[in-house]
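Please look over the structure shown below, together with its sequence.

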Amino acid sequence: MRPKVMWHLLRRYMASRLYSLRMGGYLFSGSQAPQLSPALMRALGQKCPNLKRLCLHVADLSMVPITSLPSTLRTLELHSCEISMIWLQKEQDPTVLPLLECIVLDRVPAFRDEHLQGLTRFRALRSLVLGGTYRVTETGLDASLQELSYLQRLEVLGCTLSADSTLLAISRHLRDVRKIRLTVGGLSAQGLVFLEGMPVLESLCFQGPLITPDMPTPTQIVSSCLTMPKLRVLEVQGLGWEGQEAEKILCKGLPHCIVIVRACPKESMDWWM
């Protein structure tokens with residue numbers, strides 16, 4: 001949708017009844033393509049005072065400061081978007097997005113350790129999803145999670161971080177985390193040990209494809225899960241275990257849990273799906 005059309009919708013139709021909005025930009029359409037503007041974002045906040053969720057796809061946000069986004073947002077999703085180096089700097093206004101509870105960063109190539117550190121100013125943040133943010137390092141993740149100890153949900157998918165290092169950082173800093181989802185690259189039995197005894201973890205998901213030589217066996221996974229008193233959901237995706245002996249071992253060993261073993265869902269290339 002071109003910005004001119006969006007302006008028209010804002011003036012004529014969008015008002016207090018709008019709670020969720022998904023928008024696509026023109027990031028891959030060349031320098032002459034229309035782009036989202038700070039004025040449009042500010043108008044969105046003024047015209048739609050109850051907007052809680054904003055999803056932006058393939059949008060160039062390098063000239064759109066985060067301060068221009070609607071202050072009412074509780075969920076912000078960026079999919080294949082471009083941001084500037086200063087977009088999430090920690091030194092910026094700490095009152096920006098005071099209600100933000102969930103942020104999804106999916107294939108945002110510029111996102112790096114400095115941006116991750118900047119998330120620590122969102123004191124209401126409880127859910128963080130990192131997908132394909134390959135510039136984030138193990139050191140950066142560990143340092144940031146130390147200040148994000150109040151997170152209740154963390155997903156780390158398709159990044160260059162090893163699963164073991166991610167689980168180590170989680171065990172050190174996120175003792176109140178309730179949901180974990182991560183790619184199994186670099187996962188070993190030792191990494192599972194880091195999670196043992198997590199006091200309030202309710203849902204754990206390991207996602208393939210299976211590319212790690214030291215992948216824990218189903219029996220080792222059961223052993224670690226039995227040390228988590230609140231665990232109720234174990235999900236295994238894309239490891240080729242569905243219908244195999246591995247699935248039977250998980251289900252039999254964790255009778256108190258909902259055990260889900262399935263292939264990875266096919267990802268749509270259409271941003272509106």
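Which residues of α7 are buried?

## Basis of the model

This is a predicted model, in which local features need pLDDT of at least 70 and side-chain atom pairs count only at pLDDT 80 or more, while totals for chains, interfaces and linings use all residues. Residues are numbered from 1 along each chain as its sequence is written, and side-chain values use heavy atoms, with hydrogens and water left out.

## The buried side of α7

In α7, the buried residues are Pro218, Ile221, Val222, Ser224 and Cys225, where buried means under 20% relative accessible area with a 1.4 Å probe, protein chains only. They cover an arc of only 165 degrees around the axis, which puts them on the same side of α7; the arc is that of the directions from the helix axis to the C-beta atoms. Among the elements that cover these buried residues are α6 (189-195), β8 (203-207), β9 (233-237) and α8 (245-253).

Val222, which lies in helix α7 (residues 218-225), has a relative accessibility of 9% and therefore counts as buried. Leaving aside residues up to four places away in sequence, Val222 touches Ile249, Leu250, Gly253 and Leu254, contact meaning heavy atoms within 4.5 Å.

## The packing of α4 and α5

Helix α4 (residues 138-147) packs with helix α5 (residues 163-173) at an angle of about 20 degrees, their axes being 9 Å apart. The two helices are therefore roughly parallel to each other, a description that applies to angles under 35 degrees.

Methods. Axes fitted to C-alpha atoms, helices over the stretch in contact; angles between N-to-C directions. Helix = DSSP H or I, 4+ residues; strand = E, 2+ residues; numbered from the N terminus. Parallel < 35°, antiparallel > 145°, perpendicular 65-115°, else oblique. Buried < 20%, exposed > 50% of the residue type's maximum accessible area, 1.4 Å probe, protein only.
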